[in-house]
Amino acid sequence: MREDLKFFLDQHYAHKNNPLELTEDKPDPLLVLKNYQNHEFFEEIALICALFSYGNAKQILLLLKRLDFSLLTSCVGAIEKADFPFYRFQTSNDIRVFFIAIHKLIQTTRIRELIFKGYRRHQNVIEGIHLAMGHLYEILEPIAKTRGLDFLIGTIKPNPKGSSPLKRWNMYLRWLSRKDALDFGVWEGVIDTSKLILPLDTHTFHTCHKLKLLQRKTYDLYAAILATQALKKFDPIDPIKYDFALYRLGQEKTLQTAI
């Protein structure tokens, strides 16, 4: 194990594990989500925030602030009549339909039950994610099927090589399964933190390459698994604690000055 790299990662985790890292000047979806910690359907709101977390961080924040999460406790008719913004690959109707799907989901089950059921089969978080994804598609099938919704939820592929890194789903699991100054830990003790997978986005992908944590050139789920395995050398119990720090190093382009 490279002790110098462990010191570097631990130092940056300690520095970034700070609520002051979530500001309007340092946008992150957690800045919106933390306002709903006591909401009855916090876990479903967190999923919505996670799945829309792609693209420019400031634009993500603007979108999430415009979403009316109180509609989840309303009725389908109210959601159908509500105004929704559009966002990149999702039309306003895509977002409306997605809200209807989440509303229908919580009438019969909860997102945690789906993820836990899949996870417990083999202690595999990807199985939990896939089960939740499949259930959402079952709900959406009679309502609507669009490319925007497909992008939002993601594609189920059993082979990690060539598959999407599932960054937004893995980030969602990080938020809810870990507990520190940033992550909420509402699933703490249910999903083992050592089983989590790095939410690999383009920032963390390039940062992991620069730190020689990753050699795989293909940006896919297998790369996320390999990066996670590398991080386990520095913390086998909670390797994903480094995610936010790695993300910020890439986003802020400070890696060269930091090492």
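Start your tour by selecting N18: the side chain of N18 reaches the backbone nitrogen of L20 at 2.8 Å. That is a polar contact, meaning a pair of N or O atoms within 3.5 Å; within protein, one must be able to donate a hydrogen and the other to accept it, and residues adjacent in sequence count only if both atoms are side-chain atoms.

Before moving on, a word about what is on your screen. This is a predicted model, in which local features need pLDDT of at least 70 and side-chain atom pairs count only at pLDDT 80 or more, while totals for chains, interfaces and linings use all residues. Residues are numbered from 1 along each chain as its sequence is written, and side-chain values use heavy atoms, with hydrogens and water left out.

**Stop 1: around N18**

Stay with N18, which sits in the loop between α1 (3-16) and α2 (30-33). Helices here are DSSP runs (H or I, at least four residues), as are strands (E, at least two), numbered from the N terminus. N18 is partly exposed, at 26% relative accessibility. On this scale, buried means under 20% relative accessible area, exposed over 50%, and partly exposed in between (1.4 Å probe, protein chains only).

Now show the surroundings: not counting residues up to four places away in sequence, N18 touches A181 and L182. Contact means heavy atoms within 4.5 Å.

**Stop 2: α3 against α10**

Next, select α3 (42-51) and α10 (167-177). The axes of α3 and α10 come within 9 Å and cross at roughly 140 degrees. Axes are lines fitted to C-alpha atoms, for helices over the stretch in contact, and angles run from 0 to 180 degrees between N-to-C directions. The crossing of α3 and α10 is right-handed. A crossing is right-handed if the near helix is turned clockwise from the far one by less than a right angle, and left-handed if anticlockwise.

To see the contact, show F42, E43, A46, L47, C49, A50 and L51 of α3 with R168, W169, M171, Y172, W175 and L176 of α10. By class, the contact of α3 with α10 has 11 nonpolar, no polar and two charged residues. Here Ala, Val, Leu, Ile, Met, Phe, Trp, Tyr, Cys and Pro count as nonpolar, Asp, Glu, Lys and Arg as charged, and the others, Gly among them, as polar.

**Stop 3**

Select α7 (111-122) and colour its buried residues: I111, L114, I115, F116, G118 and Y119. Their cover includes α3, α6 (92-108), α8 and α10.

Then click on Q123, in the loop between α7 and α8 (125-140). Q123 has a positive phi of about 55 degrees although it is not a glycine. Most residues other than glycine have a negative phi. Q123 is partly exposed, with a relative accessible area of 38%.

How do α7 and α8 meet? Their axes come within 7 Å and cross at roughly 140 degrees, so α7 and α8 are oblique to each other. Angles under 35 degrees count as roughly parallel, over 145 as roughly antiparallel, 65 to 115 as roughly perpendicular and the rest as oblique. The α7 and α8 crossing is right-handed. Residues making the contact include K117, R121 and H122 of α7 and E127, G128 and H135 of α8. Sorted by class, the contact of α7 with α8 has seven nonpolar, four polar and three charged residues.

**Stop 4: α8 across α10**

Keep α8 on screen and bring back α10. The two pack at an angle of about 110 degrees, with their axes 11 Å apart, which makes α8 roughly perpendicular to α10. Show V125, I126, I129, A132, M133 and L136 of α8 and W169, N170 and L173 of α10, which make the contact. The residues of this contact of α8 with α10 divide into eight nonpolar, one polar and no charged.

Now step to L166, in the loop between α9 (147-153) and α10. L166 also has a positive phi of about 55 degrees although it is not a glycine. L166 is buried, at 5% relative accessibility.

**Stop 5: D243**

Finish at D243, in helix α13 (residues 243-251). Is D243 buried or exposed? D243 is buried, with a relative accessible area of 4%. Display side chains to find its polar contact with the side chain of R174 (2.5 Å). Leaving aside neighbours within four places in sequence, D243 is in contact with R174, L198, P199 and T204.
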